[in-house]
Amino acid sequence: MTDYKNLKLIATSSPHIREKTNTTTIMRDVCIALLPALAIAVWNWGVRPLILTVVSVVACVGFEWLYRKAMKKTNTVGDMSAVVTGILLAFVCPVYLPYWMIVVGAFFAIVVAKQLYGGIGKNFVNPALIGRAALLGCYASAMTTWAAPMVKAPLGSTVDAATAATPMAIMKSGDFAALTSTYSLADMFIGRIGGSIGEVSAVMLLLGGAYLVARKVINWHTPAAYILTVAVVTFIFPKGNDPLQWMLYNVLGGGLMLGAIFMATDYATSPVTKKGQLIFGLGCGLLTVMIRYFGSYPEGVCYSILVMNCTTWLIDKYVKPQRFGVSKKEAAK
Amino acid sequence: MNFKKQLKEGLITQNPVLVQLLGMCSVLAISTSVSNGLGMGISVLIILTCSNVAISALKKFIPSEVRIACYIVVIAGFVTCVDLLLQAFLPSIAKSLGVFIPLIVVNCIILGRAEGFSSKNSVAASAVDGICQGIGYTLVLLVLCTFRELLGSGTLLGIQVMPASYTPALMVVLPVGGFLSLGLLIAVMQYFLNKSKEKNSKKEAEQA
């Protein structure tokens, strides 16, 4: 028999079932997912990319702490979002970038793009991409000097270091045959190509993406829509005789994997609904191909995501889930 | 007439660029080098003072229905004078400022002061207002120009001041840098204005 007299009724408001997931665990998962790509960078170029990443992370966390401290706001360093921004910023920069420049990029990423708008969750564009865009605007030559693959990068001055064109740059020059002879498809897949620190290895980025989807940190909708759009459009409009080969080089080259899996899925700057995320990915994909085909830059992932970030409010406004208990006709009213 | 109060308004509390947010277009466009800023600032200062005096003197004769057109005619006259003088005596500055000198005609600061101040106040007060607002505009322009030229080209008035190892941040002299640095300057200004407002209201509360 239950002792009703001594039974305590504990009244709490919903929700009653709680997850242990919070910002810190999500950000930790993203960091773990990014590690394989970093390992490939170290295998490719030695210790320099690792140091650059550490400098970027320290600078991002430092700026975040300093700003919150200076503005007398609650400190959000513990949520690890600045760590993720730092890693991503380093991942979209070339290996030979001077260390102090990435600190400038970290300033733009954390202070200008994130904290001035109110900190985590309130920024409307991806901080790491703003950091990259600012660096490209400030130091165009340093941001377009790419390290040759499988060459240990010097830790200090890189004036005499070996450089190479990225697959995207070769593609832009119009010499597709030169691209296929320089880098095989296997090179593109594993990451033995020129490019920024984190973007070279499609397989490691896909591995990280699979981990994030399995841990339910991200939905598959945005990356799938993004990559598929690029694949379909490049397959239909190839420049060359072999549409399949052209499509594969377009999908594996450049920052597409990194952007689609880790940047376009940023919570604060992408749509909330799954339908909205599909539209977001489609838009990113179309813009990327447009910039690659018609723009003056060889690669368009960074700007296409930034442009689509600015449309997120619009997508969220028009792609709403149906309210429960309301028929379609009523909802339309 | 309170010269001190007007100067404070022109420089800080009613600063044409940072508080009234007038005349931003020219500020964004020409603030890439200090020599540009000086030329533009002084031109605006002279035109603003002259047009303020003229409009204040003419205020009884200008019918209110067509006042804007009349103001524009007066301002355009002074702008033409300054434009021709610059072309005659400082051709290099006239060349680098280009279309922005003729565009002073439609600069909101000058029209705004004509409509808001000199059409209601005495000639002397309007002259002082023109000088104070002009100084406020010039100072902001100079701060912005110094910042952008120093970081974006590593020079000041065309002379190399940053060490040779400094890599100029090209973006700062591009239009993007103009918007960013002006925005930051306005933010800093608003921060300090709000702080002093808080201080004042606290003082008043203590006194009451």
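I looked up what covers the buried residues (under 20% relative accessible area, 1.4 Å probe, protein chains only) of α10(A), and the cover includes α1 (23-45), α9 (185-190), α12 (243-252) and α13 (256-263) of chain A. I took contact as heavy atoms within 4.5 Å.

I noted the ground rules. This is a predicted model, where local features need pLDDT of at least 70, side-chain atom pairs count only at pLDDT 80 or more, and totals for chains, interfaces and linings use all residues. Residues are numbered from 1 along each chain as its sequence is written, chains are lettered from A and ligands numbered from 1 in the order written, and side-chain values use heavy atoms, without hydrogens and water.

I then listed the buried residues of α10(A): A202(A), L205(A), G208(A), G209(A) and L212(A). They lie on the same side of α10(A), because their arc around the axis is only 130 degrees. That arc is taken from the directions from the helix axis to the C-beta atoms. On the other side, L207(A) and A214(A) are exposed, meaning over 50%.

I checked what follows α10(A). K216(A), just after the helix, has a positive phi of about 60 degrees.

I turned to chain B. I found 8 helices and 2 strands there; helices (H or I, at least four residues) and strands (E, at least two) are DSSP runs, numbered from the N terminus. Their order from the N terminus is α-α-α-α-α-α-α-β-β-α.

I looked at burial and contacts next. Of the 208 residues in chain B, 39% are buried. Among its contacts between residues at least 6 apart in sequence, 76% join residues at least 24 apart.
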